[in-house]
Each structure stands twice: as C-alpha cells, then as structure tokens.
Amino acid sequence: MLTILFDGVAYGMLLFVLACGLSVTLGLMNFINLAHGAFAMAGGYCTVVLVNRIGVPFALGLPLAFLVTAVLGGLFERTLYVHVYARPHLDQVLFTIGLVFMAVAATDYVMGSSQQFVRIPEALSGQFNVFGIGMGKYRLLIIVVCGVLTVALQLMLAKTRFGSRLRAAVDDQRVARGLGINVGAVFGITFAFGSGLAGLGGALGAEILGLDPTFPLKYMIYFLIVVTVGGTSSITGPFLASILLGIGDVAGKYYVPKLGAFVIYAIMIVVLIVRPQGLFARGVAR
Amino acid sequence: MTPLAADIGQKLKRRGRWSALEIAFWIVAFASIWLLPQKHLILTETAILALFALSLDLILGYAGIISLGQAAFFGTAGYFAGLVAKHGIIDEPVLALICSGLVAAALGFITSFLVLRGSDLTRLMVTLGVSLMLGELANRYSDITGGADGLQGVTVAPVLGRFEFDMFGHTGYTYCLIVLFVCFLIARRLVYSPFGLSLRAIKGNALRSGAVGIPVNARLVAIYTVSAFFAGIAGALLTQTTAFCSLDVLSLERSADLLLVLIIGGTGYLYGGLIGAVIYKFMQDWIATLTPQYWQFWIGLLLVAIVLVGRDRMAAWHQAARAALGRLGARTIKWRPALGAAGAAPGGR
C-alpha cells in the first residue's frame with residue numbers, strides 16, 4: 001500500500017517535471033502545444049546516446065539532456081512557434097500535431113522503433129527497505145531531483161525579477177507589455193526552459209515510462225491532463241494535479257489492472273465538466 | 001410570413017440551388033464506378049474518408065467546435081456493425097448501417113453535453129478523452145472486440161440480399177458512393193436551411209446569437225448528434241467493406257488525420273471534406289509507395305507547412321479557384337442559350 005503511494009508520488013513528480021513547461025506556455029501565450037512530449041523524447045534519446053554509446057556518466061548525462069533540449073526548444077520557438085502564437089487554436093493544434101508526427105517518424109528513422117533503455121549506474125538499482133516499505137533507489141532519486149526542482153522553480157517564480165515578470169505576463173499579457181516587459185523574450189526563455197525540463201524528465205523517466213518513438217503520442221494526453229486539471233495560473237495547481245494523477249494511475253493499474261487508463265480519463269472528464277478552468281484555478285474568467 | 005423572413009427564405013433557396021459544377025462533380029464521381037474499376041479499393045477508402053470528413057466539417061466548419069475525438073463515433077459504429085454482422089443479429093447491411101449510425105448518434109447525443117462547456121482546450125481534451133476511453137474499453141473487453149488482434153470472422157451479407165461484396169471492391173465502392181451521396185444530400189439540405197444559418201451565426205459569435213434568440217446549446221447538441229451519425233455511418237461502412245475492425249478505428253491518429261483531410265480541402269463548405277479526402281488518399285498512397293514506413297513524417301511536414309503558409313491564405317486560393325471555375329461554368333451555360341438565340345433570330349426574321 002505505502003509502496004504504491006511511494007511509486008505514485010515518484011511517477012507524479014516525474015509527470016510534473018515533464019509537464020510544467022507546457023503549463024507555462026499554455027498559461028502565458030494561450031498556446032496549445034501538443035508537441036511538448038517530443039521535447040521530452042528528445043531528452044530521453046539524448047541521454048541514451050550519451051550514456052550508452054559515448055559513455056558519459058549518468059550524472060552528467062542528465063544536465064546535458066536538459067541543455068540540449070533547452071537549446072532545441074529555444075531554436076524551435078524562435079524559428080517556428082513564433083509564427084503560430086496569434087493563430088486560432090485549430091491552427092495551433094494542427095501545427096503541433098504535425099510536429100509530433102514528424103518527430104515520431106524521424107526518431108523511428110534514426111534510432112529504430114524498438115524500446116530504448118538508459119544504462120543506469122549500479123548504485124541506483126535495488127531497493128531500500130525503510131519501516132517495511134520497499135523503496136526503489138532510482139525512484140527515490142527521482143523524487144529528490146524533482147522535489148528540488150519544484151522548490152527551485154517555486155522560488156524562482158516567487159522571488160526573482162524574472163519570476164515576477166513571468167507571473168505578470170501570465171496574469172495579463174497586455175498590461176505587462178504596457179509596463180515595458182518584453183513578453184516575447186520572457187516567453188522565449190520560458191519556452192526553452194520548459195523544453196529543457198521536459199527533456200530532463202524524459203531522460204529521468206526513460207526507465208519508468210519506457211522510451212520508444214511513439215512516446216510523444218502516448219504521453220501527450222497525460223501532460224494535457226496535468227495542465228487542464230491543474231489549471232495554468234500557478235505551478236502549484238499542475239504540481240498537485242500531477243501527484244494526484246501519478247498516484248491514481250499507479251493505484252489504478254495495481255488494483256484494477258484491466259481497466260488500464262480508463263479511470264484516469266473518466267476522472268479527467270468529470271473534473272473538466274465540473275470545473276472547466278481546472279481544479280486548482282483561482283476561478284478567474286478570462 | 002414577414003417580408004424579411006420571406007426575403008431570407010428566397011436567399012437561402014437561391015444559395016441552395018445546384019450549380020453546374022456540383023452536378024459535374026457527382027457525375028464524375030459516379031462515372032468512376034465504370035471508368036476506374038482497378039482503383040476501386042482505394043476509391044472505397046476515399047469515399048469513407050470523405051463521409052467521415054463531412055461529419056467533422058459539420059461541427060468544425062459550420063458550428064466551430066474543435067474536436068479531436070471524432071474517431072469515437074467512427075469506431076463505436078464500426079465495432080457495432082462488425083458485431084451484428086458476426087453474430088448474425090442484423091444480416092442486411094443497409095439496415096445494419098443505419099442502426100450503427102443511430103448507435104453513434106446516441107453516443108453523440110450523450111457526449112454532446114460535455115462539449116457545451118468550456119474553452120477550445122477543454123473541448124479538445126473532453127473529445128479526445130472520450131475516444132481514448134472507448135479505446136481502452138475496446139482493449140479491455142477483448143473477448144468481445146478481439147482486442148489488439150481486431151474483430152475477426154466478420155462475414156457481411158449481400159447488400160439488399162442481392163449484391164454480394166467481391167474482393168475487387170466493385171460492390172463495396174458502389175455501395176459506399178451511394179451512401180456518401182445520400183448523406184451528402186442530407187447534409188446539404190441541413191446547411192442550406194435556416195438551421196444551418198443559425199449554426200454559422202453561433203460559430204461567428206455564440207453570445208450574440210444567443211442574444212438574438214438562437215437556442216445555442218440546443219443547436220449545438222443537434223448538430224453534434226447529426227455529425228456523430230454521419231461519422232458512425234462512415235465507420236460502419238469501413239467495417240462492412242473490409243469485413244474487419246481493429247483498435248485503430250478509435251485511435252488518435254485517425255482523428256488527427258481527419259483534421260488534416262478537412263484542412264486540405266477547406267472547412268466550412270461541404271465539398272471541402274470530399275475534395276480533401278481525394279487529395280489526401282492519393283497523396284498518402286503515393287508517399288507510401290515511396291517510403292512505406294515513414295509516410296507519417298511527410299504528413300506531419302504537410303500539416304506544419306499548411307499552418308505556416310496560413311489557412312486563410314489557402315482559403316483565399318480556394319475561393320479564387322472556385323470563382324474561376326464558377327465563371328467558367330457560367331460561361332459554358334450562357335454560351336449555349338446564346339447560340340440558341342442566334343440560331344433562332346434568323347428564323348424569326
């Protein structure tokens with residue numbers, strides 16, 4: 001029972017790191033980015049190549065995955081995404097789904113369609129046994145890393161100048177612009193950072209979520225659930241939503257394995273019907 | 001009737017008149033039954049896709065509802081048609097087709113209340129969620145649906161008890177084309193009616209159309225149900241012509257491809273889905289022969305390119321092409337009476 005809780009929390013933390021970039025882009029630019037998972041996949045494959053083929057140590061592979069995907073995200077944002085911000089939602093959906101299709105096929109072409117595994121160090125496999133609860137070392141690492149990241153993100157948003165600019169831009173883009181905040185630049189940086197986080201999440205999660213070319217399609221719905229259920233006005237919303245989703249999914253798969261993801265989708269639909277703005281949103285109609 | 005209402009009725013009637021181009025389109029479509037017998041298998045798929053795209057156009061192009069879950073209706077009806085044929089519950093394909101459509105429509109009616117609320121993103125998520133849920137269910141109850149292996153052992157009885165399905169798809173194509181035509185007629189009648197006009201108003205501005213007295217929610221529920229019915233017919237046609245139904249009828253890719261079809265053809269006019277389906281299917285066929293495994297990449301590239309070029313610009317091209325064709329059509333028609341008049345004039349003298 002507690003092991004399930006533990007696994008669920010680890011899973012949820014992972015989902016949060018994967019999805020928080022998406023939540024910011026959605027909240028800031030009202031931009032539906034279905035291709036977010038593609039960046040996560042890029043991070044995962046980057047780690048696979050670095051660690052398994054080149055032999056970079058795992059601990060160094062993670063930050064590198066972050067950097068590579070952040071650069072990639074920034075590049076895409078400046079060259080492609082900027083043209084689509086002002087378009088209607090339908091265009092955004094088409095555009096990003098197109099990107100996903102391309103990413104899936106391209107990865108298949110370059111890396112093959114089989115599932116990839118990151119070679120993780122010996123020290124991280126195995127279990128701790130604390131008070132009769134089996135805790136996988138790797139999952140513990142995920143919780144620690146993601147926990148630290150979450151706190152850091154929260155501090156950055158709350159305390160730094162950039163954080164306040166970002167919050168101002170999310171709250172009201174036009175007023176923020178009027179106050180002299182360069183919303184475009186803020187957004188570009190945030191997008192790159194969010195993509196980097198997704199890449200890091202993908203690298204960390206390759207072990208748990210599995211990594212193959214269909215990754216962006218398979219997990220797209222999960223990221224979207226986190227964002228829509230959590231709301232986009234803060235990062236606490238998505239954080240709580242992803243923890244709930246993580247626990248719910250692990251518990252669901254453990255107790256009613258045959259129903260699979262059905263429970264999660266059903267919950268999402270109910271939540272969206274009752275609270276279209278998200279479960280933890282402040283209820284501001286925009 | 002007030003003069004204004006009569007005036008609008010006149011306008012609608014005029015707009016709803018069949019143009020020469022439309023008639024030509026359908027003549028060409030039906031001529032393909034005899035002219036392109038070796039292409040019938042792909043043409044069957046095209047006709048089904050066209051009907052499916054038509055169903056999406058009704059809600060997206062006319063009512064402005066973004067949906068990523070149209071596959072839910074397609075798949076449900078597909079499985080329903082497969083199951084009734086397999087277990088011999090309804091043997092006659094046409095009857096089974098209508099029943100499948102009604103099942104999908106019932107599902108559409110129930111889920112329509114879910115899409116009434118919320119923003120584009122919420123709608124997207126809810127429609128997507130519904131189709132994913134159904135996909136999970138189909139996977140879960142694999143003893144009924146056949147799970148990942150697909151529904152096998154479906155034998156479809158002859159249409160109307162007379163026309164047997166053959167392996168070259170001749171019967172299948174004729175059948176699909178007739179069904180497509182009938183559905184098209186219904187859809188055409190719908191969009192040129194005051195009902196269709198009110199949908200366009202809702203798409204333009206839901207708040208204002210509510211203020212002028214259009215029952216927005218009731219209209220949206222109605223069109224969503226009709227659209228689900230058409231999507232269901234398309235799904236049932238696929239099962240009946242292929243005698244097979246697998247989990248991918250409910251997949252996300254199907255809904256996403258459908259959006260692409262509609263975007264290629266243009267939204268908001270009935271031929272968009274039809275033309276889009278023809279272009280898409282033959283393009284897919286062509287790309288798949290070039291790179292069998294990676295055709296998805298080129299589809300994705302096309303989507304990205306279309307958005308970057310801009311749909312409004314493409315719509316303008318469509319408009320220009322249609323106007324040019326329309327002028328051409330008008331000229332050929334005018335030309336003939338002119339000839340007749342010229343011929344009659346000397347005789348009169």
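How many helices and how many strands does chain B have?

Reply: Happy to! This is a predicted model, in which local features need pLDDT of at least 70 and side-chain atom pairs count only at pLDDT 80 or more, while totals for chains, interfaces and linings use all residues. Residues are numbered from 1 along each chain as its sequence is written, with chains lettered from A and ligands numbered from 1 in the order in which they are written.

Chain B has 15 helices and zero strands; both are DSSP runs numbered from the N terminus, helices being H or I with at least four residues and strands E with at least two. Of the 349 residues in chain B, 43% are buried (20 or more other C-beta atoms within 10 Å of the residue's own; exposed means 12 or fewer, partly exposed in between, with C-beta atoms placed from the backbone).

A243(B) has a phi near 55 degrees, a positive value in a residue other than glycine. With 17 other C-beta atoms within 10 Å, A243(B) is partly exposed.

Now to the partner of helix 12, which is helix 13 (residues 271–290) of chain B: their axes come within 7 Å and cross at roughly 110 degrees. Axes here are lines fitted to C-alpha atoms, for helices over the stretch in contact, with angles from 0 to 180 degrees between N-to-C directions. Angles of 65 to 115 degrees count as roughly perpendicular, under 35 as roughly parallel, over 145 as roughly antiparallel and the rest as oblique, so helix 12 and helix 13 of chain B are roughly perpendicular to each other. Among the residues making the contact are L260(B) and I264(B) of helix 12 and L274(B) and Y280(B) of helix 13; two residues are in contact if their C-beta atoms, placed from the backbone, lie within 7 Å. By class, this contact has nine nonpolar, four polar and no charged residues (Ala, Val, Leu, Ile, Met, Phe, Trp, Tyr, Cys and Pro are nonpolar, Asp, Glu, Lys and Arg charged, and the others, Gly among them, polar).

Helix 12 also faces the other chain. In all, 36 residues of chain B are in contact with 35 residues of chain A. Helix 12 (252–265), helix 6 (120–140) and helix 14 (295–309) of chain B each supply at least two residues of that side of chain B, and helix 6 gives the largest share, 15 residues.
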